[in-house]
Amino acid sequence: MKKNEAIKTGLDESIAISAQASSQTPPDIDTLSAIKVAAEPAFDFRSDEYRTLFEASTATAFQGPDWLHEFYETLAPSCNAEKIIITGRDLASGKLHFVLPLIQRRMKGICLLESADLGVCDYSCPVIEPSSRDLLDTKSDLHSDIAKAIGRFDILRLKAIRNGSQDLWGLFFKGQALQLDFSSHEVILDKPFDEWRTENFDKKHRTNLNYRMRRFHKKHTEITFETVPDDQVGAVIDKIQQLRVGRFVGDPIQHTCTRKFYRAVAIKGQTGQFSKTHQLMADGKFVGAMFGLTYNGRHHGMLMACDYEKYGEFAPAFNMIDMLMANWQKEGGNVIDFDIGDEPYKPKFGTKPIKLFRILRANSILGTLALKICQLTGKTF
């Protein structure tokens, strides 16, 4: 690139020379921004470069390297979902500025572009290097670059967006973030657990938990709540699936592909320390179990099941939550995330609601028509 051309485009000479030297830079890249936006379908979420980006970002456990690897390798193909990974790299060095984990699939003839969800993700979030935020803010054509990298689709659906992440998605996609009519719930353990429990648990609920646990101990010699041994994690996930049969409408784990996904994540997560599976035992017999993701001091409750036929009188699910909270704080954690949904039991544990949002907009005439029909019929994407 000639020096006068570098001046014309607003770049200094060194950037112009670097851009010329890079054989991978396509001729139509906007060199003024110093960011190369591209689709990378073969992107490796287990790579060191992604792990470094993720750990520096404000993304959640649902954008973690191992979670997304299993999501795209195990779950997405079973749901006929195409892997859409959009990256932003430094034009000269190739260093990652951001990664957008997305999927694309067809529903009733509509091409739907979504965040990596498929019913298993609590929070969707772009993965951004914090120091790149100002650069992204000043890239006026970032939306059009993203659109070119993705190609044609009819409807954009990004969900569920945790309060505070709306502006991050807004860097890449146009569309108003609208608040959903349900929330997620969490607790922050900012005091010794016994003290925190007394101050934050619903008093009636706390009294009932204590009473049920006393009865439990009277009828059983040994009660333990423990991390499942590594070689038993898969079997415990299978047991959770079996105990949940018929209990929840649309329960994702009842689908074979989703069970395999959860199973793979739980097994790898136990050794990789990005998930934990616990079980409650009474005199050596199985009472219940729970599986959750863990990251940055936060435990995300994902799956739970109990043998209510044998142990229902002792409120095993509630007591497992109680024991998990105490154990998690002992291990150095300080947040318990109770998952999405406004079930009435959650406030009894002292939870606070977290607002959730979504971005839903048409990207074609067909998409506009489809959303209009949904509006008229009361249905939704």
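Predicted model: local features only at pLDDT ≥ 70, side-chain atom pairs only at ≥ 80, totals over all residues.
Colleague: How many bridges join β3 to strand β4 (residues 110-115), and is their sense parallel or antiparallel?

Modeller: Start with the terms: a strand is a DSSP run of E with at least two residues, a helix is a run of H or I with at least four, and both are numbered from the N terminus. Two strands pair if DSSP finds at least two bridges between them. Here, six bridges join β3 to β4, and the two run antiparallel.

Colleague: Which residue takes a positive phi in the hairpin of β3 and β4?

Modeller: Lys 108 does, with phi near 55°; two residues lie between these strands. The hairpin of β2 and β3 has five residues between its strands, and there Gly 94 has a positive phi near 85°.

Colleague: How many bridges does β2 make with β3?

Modeller: Strand β2 (residues 82-90) pairs with β3 over eight bridges, in the antiparallel sense. Look for Ile 86, which faces Leu 100 of β3. Strand β5 (residues 127-128) is also antiparallel to β3, through two bridges, and Val 99 sits opposite Val 127 there.

Colleague: Is β3 mostly covered or mostly open?

Modeller: In a regular strand, side chains alternate between the two faces of the sheet. Burial is then judged residue by residue: buried means under 20% relative accessible area, exposed over 50%, and partly exposed in between (1.4 Å probe, protein chains only). Strand β3 (residues 96-107) is mostly covered, with ten of its twelve residues buried. Across the protein chain, 51% of the 381 residues count as buried.

Colleague: What does the rest of the chain look like, in elements and in box size?

Modeller: The protein chain has 14 helices and 13 strands; helix α14, for one, spans residues 365-377 and includes Leu 369. Along the principal axes, the C-alpha atoms fill a box of roughly 85 × 50 × 40 Å.

Colleague: And what share of contacts joins residues at least 24 apart?

Modeller: A contact means heavy atoms within 4.5 Å. Among the protein chain's contacts between residues at least 6 apart in sequence, 71% join residues at least 24 apart.

Methods:
Residues numbered from 1 in each chain as written. Heavy atoms only, no water.
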